Amino acid sequence: MAAPPHTLIPSAGAEARAARRAAAEFPAAFDGLSRADRRDLLKVMGASLALAGLTGCHHDPAPDALPYVRTPDGIVLGRSRAYATAVTFGGYAQPVLATTHEGRPTKLEGLPEHPASQGATDAFTQAALLGLYDPSRSKGPARVGQPTDWGAFDAAMSANAARLDAAKGAGFRLLTGAITSPTLGRLIEALLQRWPLARWHVFEAVNDDLKLQAARLTFGRPLMVRPQLDVAETVITFDDDLLGPGPLQTSQARAWAARRGAYQVGKGGSDLFTAEPSPSLTGAVSQNRLIASPAEVDALVVALAAALAVEGAVAPLLPPAQACWLGLAAAALRRSGAASYVGVGAFHDPAIQALALRINTRLGTFGHAASATEPLIKPAPDGAGSFSTLIADARAGRVDTLAIFDANPAYAAPRDFGVADALKQVRLRIHAGLHEDETAAHCHWHAPVEHDLETWGDALAVDGRPSLIQPLVRPFYAVRARSVLLQNLQGDFTGDARGLLAQTWKNQLGDPQGAAWRTAQARGFIDTPAASAPVSTPAVSPVATAPRPGGLTVLIKPDPAVWDGSLATNPWLQELPRPFTSLTWDNVVTIAPALAARLGLKNGDVVRLAVGVRSLEGPIWAMAGQDPSTVILTLGYGRTAAGVGQNVGFDTGALRTAAKPWRLDGAVLTATGHAAALAATQDFTALDGFDFVRTAARTDMQPKPSPPPEPSFYPRQPQSRPQWGMTVDLDLCIGCNACVTACQAENNVPVVGKAQVAKGRHMHWLRVDHYVEGDAAAPAFFNQPVPCMQCEQAPCEMACPVNASVHTDDGLNAQVYNRCIGTRTCSSYCPYKVRRFNWFDFTSADAPEVRAARNPDVTVRARGVMEKCNYCLQRIVAGKIDAQVADRDIADGEVRTACQQACPTNAIVFGDITDAESQVVARKAQARNYALLEEVNTRPRTTYLARLKPEPGGG
Amino acid sequence: MTQIFRPSADIWLRLTVVLVFFIVLGGGLFITGLARSSYATRQGWPIDQTVPFSHKHHAGDLGIDCRYCHVDVERGPFAGIPPTYTCMTCHSQVWTGAPMLAPVRDSLASGQPLVWRRVAKLPGYVYFDHQIHVDRGVPCVECHGRMDEMPLAYRANALEMRFCLGCHRDPAPHLKPTDQVTRMDWSGWDKVPAHLAFGQAEMRRFHIDPVKLTDCGLCHR
Amino acid sequence: MARPARAAPAPALEAEYRHVTREVTRIPLEFPHKRTWWLAFLAALVLLGVYLISAGITFAQGIGDWGNDIPVNWGIAISNYIWWIGIGHAGTLISAMLLLMRQRWRNSLNRFAEAMTLFAVVCGGLYPIIHLGRPWFFYWMAPYPATMGVWPQFKSPLTWDFFAVLTYLTVSAMFWYIGIIPDLAATRDRAKRHSARVFFGVLALGWRGAARHWARWRQAYRTCAAIAVPLVVSVHSEISMIFAAGPLPGWESTVFPPYFVLGAAFSGFAVVAMIATVTRRAFGLQNLITELHLDMLGRLTLATGMMTAYGYFADVFGALYGGQRYELHTLHERFFGEVSWAYWGAVILNFVPLQLLWLRRWRVNPVALFMVGLAVTIGMWCERYMLLVSTLYRDYLVSAWGHFWPSLIEWALFFGSIGLWMTLFLLFIRILPMISAFEIKEATFEEEEATGAAHG
């Protein structure tokens, strides 16, 4: 089913009112205290006080209703529709099933049929939806910052194209971000053929350059090496966050979870060894985590190579602890042989990474637990040096026209490139992107592009399968597709995005009206994975271990939420509590507690971090389990033109250099004396002895007999069918936050801004608690997603004086927002503190486009109302109605909560606990199953599966 | 000591006390009464529309089935207000030049939707699903009244929460044969003895359980 | 029973009657220290203004203006509420209980004690409404025929609260008014200005002191008293349920109802003692509010104070004896946590100065009594605060632990509410006879009889 070009039909009246009221973009995000409409407030007060017995919501007795002029095919009012498409991240396609209501995209879900994601998503993909409605998007073309129309742009382009035609494109440069799109690739080739002297450059802040370089060192050509974590029984990661944020997270987490799941039931092993300077999601779930400075990590790789008799590797001398860890790791590798994988972080020295590749070859991993393919990202002609070449040429005045697509070097490139100055040397500068960002500010022309949800296009998923991108909604603004803009640069204004896309796939899919095309589009992707490339026997190159550097080593990593800064305008991601720190709306200088103690610093104290002449200032965060000689910084902050992400945090670009973008040795840290306010959602993480998260040995895995019902004065809950329940497997949860964002998108959870979060008023219905246990220098890490427990004997229900917190027959603690008067007793009584309160009016002043992103099946909560997770009640009701209309029971897995759906590791399972066949019952039957705060006797419907204890000799 | 009050003062005092009592009582009664009045609920107040569409004429006299225009009623939560195209299916043949239909023709020509004013509007936090009600045999007339007798549509019932609960707490009397949901006149129904047990039978057939029907989460989320 | 300090000789009885009535009624009629009163009243009005403004801001913008958060979603609004209602106990207790027990010495105290009660309950009663997220729907807590077809949730302690406080307010108001009628009449009769006569005349409901009036009046007064006494106990037992019903460490405790009632009476007597000493001094009522009264107040305060102390002990003991991990943790928080200042503040202010009252010479010393009363009043505030915050801010899940400090607006509301109380009370002492003249006469008469009989 091709997407009919819907128009944005506001759901009757509401959006019109919104438009009238449209105030700031995300007022809540700035001052929490949204400009509540006093007039309405008084009206409500008046109405309700005067008309006792009325619910006080009869504003307009007969609001307008706007029917369609002609109803689009298949539209049923109030019924959502799903379309298979994709959103791009880091150049890769993230295949999604996009839900629309009356033509408004309201939710992105993983594409179940797609082998890479298997229906799961990460936080970035969930938040991509809000990117479409981002009020800071540029709404029309601009010339030197002044809004203009496409006519002017076209004129300028055609004139310029004529000049370039004459000059065979001499001096024309195209700069893009990472591209996997076959169509864009094709068009760029065409452009280069037309203008032989033109050149194409690529700038992607977070890239695989060093990885590919390592592959070239090893195999003689750049190959993309990926672990097959569903096969790998032993995985050794050296500061390589395989399960961490990034385009690969979903597919690799899925694969790892598959292996882990098999291991849980005794099929094969699942050993994860991690050596890293600072805790990563991978390190947190690894059974053998070793804290090592970057230099030590390198040494360990060499040592491992030596231990496995890889040629050219000379075993360095290791401290006993590391030697012991290495011994275990090597033993495990020998055990698993080909079913093992050794990975080194993509930002490490290529020589070291190359060594890891050779270890893998030696183990015979390729073809089993690792695969090598040609890179999916289209390699720029100059490879890794592509961008520096461009800058050099620009400086030398060899660049006449520069067109920048989806890249923001002015912000994201290390300062010493001097991008701004270099750009000044270019005669005509054109910027095409979603936002008028820092780079656009240095360009003559800004051409706004279509968001992935409103454009035609294609891109490769991480497994190389091409995804077809189709529009779910007609563009809101005067924007153009990237492919079209590429044509425009050449003075061609005839092409349309769909046509250009069709042309790319003509040979494979034929005519766009044809069956093949329509099936492919309905399916959302074309099932041709990247062919695995044969790996030649590696070249031997001796590796010398670098001497341990003095001073601190600074590692720069992408931010787990706003990535390289390109997502900084997204309030969902800004307010997403980062793993381990639970920080929002900020980046920090992460150091070891020991170091903080030595310098007498506490969290939030601003320090000055200097490397040679370059330096920056930022608040510190003492991270348990971090190497004392390492400092971690994240990208993505200190942006100067980025909507809500503007002037938040500090820019790490000040420290990075073209030569050393990721790792800087010999850094010096000094206190500045003043402190900054940080907004963390969790103030305490020390588990010290509490049993909130439990661990169990795999040996006692046999299902436990159901305990006899303990005597109780209270009547048992009615056991009519269905009865909803949930389990969260703490052995599978990697704390990736996908569930949190999914919940936020599904349930219209408001964004409240840094000030309110700092006050402890964040609104996430589902939070991921992070705990550390043991010595702060080298603790064990635990993640625990905490939704509402849906207690069978819920204190909140007894507390509410007005019946706003009630128990439904199918076992939910429903919260009736419109009945709530905000006594907050329910929250006081809640032992899990999962309830969230609307301290201010967080919603009514949102911009109209932001309102359009909301899920119409969920009430938008008013000021002074308590809210909380309700197992996605709206989905349950919808499923119930479908089942009833079809006169059948609700099938297991038919109703899935947003968090469950998003979870890349299947840690969350939801279902009917009276259905003996259901997955949730199977999980609850396991010996690992336990209830949080059992002693409070609230009989939670949400239970947890204990994390598995590491077994002697791995496991 | 001089007299301050006249002898009648005592009477007056008692009177005032009584009066105050009744004013308070009356005030309470008045407010609760007002809340239930058709003034507050708009029950029975015809609403002017840009196009004075007569359900009496179309549904009553011409006997057009509700579902001809309200197509989504059997497959979605909203019955749906018909698109301009639906009006024009007939009015491109009949009354083609009628001035009162000008807005409809304009809408078709300009592509701008007709603007209707809602008659049966529920608050935003109430999620009512037409599909399941129709599917279970709750006839339109139960909530919307005798649309076939309304020249200009009006709200036949107050549509307050107690109105919904009245049915959800005791569904049986309101259930009718699923194949006759659009039937308007049910006056004769209860006369037939066989029909008295009909509702109960339907409840058994559809496993309708009033306990479940009064779950708050059913309509509020 | 204690004998009055001084028994007048029989011939002087008439004179004494006149004297008493004059002393009591002159205060509203020709008011002494007009100046001081006006100054005090002005101060009260300023605070009242603060109250109205901060309440207005909260109404307009939302509870977010307070320091509350998750987990501490109840701030000092609730602890103040409990504190105020607690203070509002002494009046009715003194008056009604002692009336039923025919304790004559009560007569000089009951009137303003009752007034104090009434106004305290008003101040307290407003808090739960202000603290609502959507105050304009407060009436949903009342069972009324709603078009929603739903009722309040009667399992909720807050619903009980709604009824308890409302009933208490009504009954104490009735009790107070009935009690004051005869004196209103007396004031009316002594009033010079016509307007004053009419004013008091209307309020006196045409009281002529006929035997029938007195008979009916006794009936009514005693009945009210009989109703009021159990209410005194019920109200704060019930308010304690707001805490005790929650499954939280430091709250879920069976000792709470008695603990709260006694604490309430304790704080109440403390406040009465303060007022008594002040008015006694201000209006030179030394021979109406005698040392006997101060002595009695001291004893009551001491008694209830020691009982409250037992409540503290029982609470700690319960936690230690139960040994439940979270209970112990909360206990630890109270002793050493962020709110330990409130805990130790409560313990010290409530019980250390209190020990003075073991000795009569301190009990009858107005200054000492006043200082003790003040200490207890503040101490009890600390206790309410401590009980609320120490449990909420760190209850179960470490991940959900938080912090709390009241915002400026909350403080403004608190001191503002004191302003509200002062305004009402100052108006009361200015306008109405604040000491029950006729009852004192009654008492003096009976004393006469007694002594006469004794002399034989």
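**View 1. A seven-stranded open sheet in chain A.** In this predicted model, seven strands of chain A line up as β6-β5-β17-β16-β15-β7-β8 in an open sheet with mixed pairing. Strands here are DSSP runs of E with at least two residues, helices are runs of H or I with at least four, and both are numbered from the N terminus; two strands pair if DSSP finds at least two bridges between them. At the edges you will find β6 (146-147) and β8 (199-202) of chain A, each pairing on one side only. Strand β5 (residues 142-143) of chain A runs antiparallel to β6(A), joined by two bridges. Look for A:R143, whose bridge partner in β6(A) is A:Q146.

**View 2. A four-stranded open sheet in chain A.** Here the strand order is β36-β29-β38-β37 (chain A), again with mixed pairing. β36 (908-912) and β37 (929-930) of chain A stand at the edges with a single partner strand each, so one side of each has no neighbour in the sheet. Strands β29 (residues 724-729) and β38 (residues 942-945) of chain A pair in the parallel sense over four bridges. In this pairing A:V728 sits opposite A:Y944 of β38(A).

**View 3. A salt bridge between distant parts of chain A.** A:R480 and A:D154 form a salt bridge, with their closest N and O atoms 2.9 Å apart. A:R480 lies in the loop between β19 (466-469) and α16 (482-489) of chain A, while A:D154 belongs to helix α5 (residues 150-166) of chain A, 326 residues apart. A salt bridge means a side-chain nitrogen of Lys or Arg within 4 Å of a carboxyl oxygen of Asp or Glu. By this rule there are 63 salt bridges over all chains.

**View 4. Where chain A meets chain C.** Contact (heavy atoms within 4.5 Å) involves 64 residues of chain A and 61 residues of chain C. The two chains bury about 5,300 Å² between them, with carbon and sulfur atoms giving 59%; this is the accessible area (1.4 Å probe) that two parts lose on being put together, summed over both. The rule finds one salt bridge across this interface. That bridge links C:D395 with A:K833, the closest N and O atoms being 2.7 Å apart. Elements of chain A that each supply at least two residues to this side include α3 (38-50) and β30 (767-773). The largest share, six residues, comes from α3(A).

**View 5. Where chain B meets chain A.** In this view, 46 residues of chain B are in contact with 48 residues of chain A. About 4,100 Å² is buried between these chains, 61% of it on carbon and sulfur atoms. B:Y125, B:K212 and B:R221 lose the most area in chain B, together 18% of what that side buries. Three salt bridges cross the interface, among them B:R136 with A:D887, whose closest N and O atoms are 4.0 Å apart. Strand β1 (residues 64-65) of chain A also runs antiparallel to β1(B), joined by two bridges, and A:A65 stands opposite B:W116.

**Notes for all views.** Residues are numbered from 1 along each chain as its sequence is written, and chains are lettered from A in the order in which they are written. Local features need pLDDT of at least 70 and side-chain atom pairs 80 or more, while totals for chains, interfaces and linings use all residues; side-chain values use heavy atoms, leaving out hydrogens and water.
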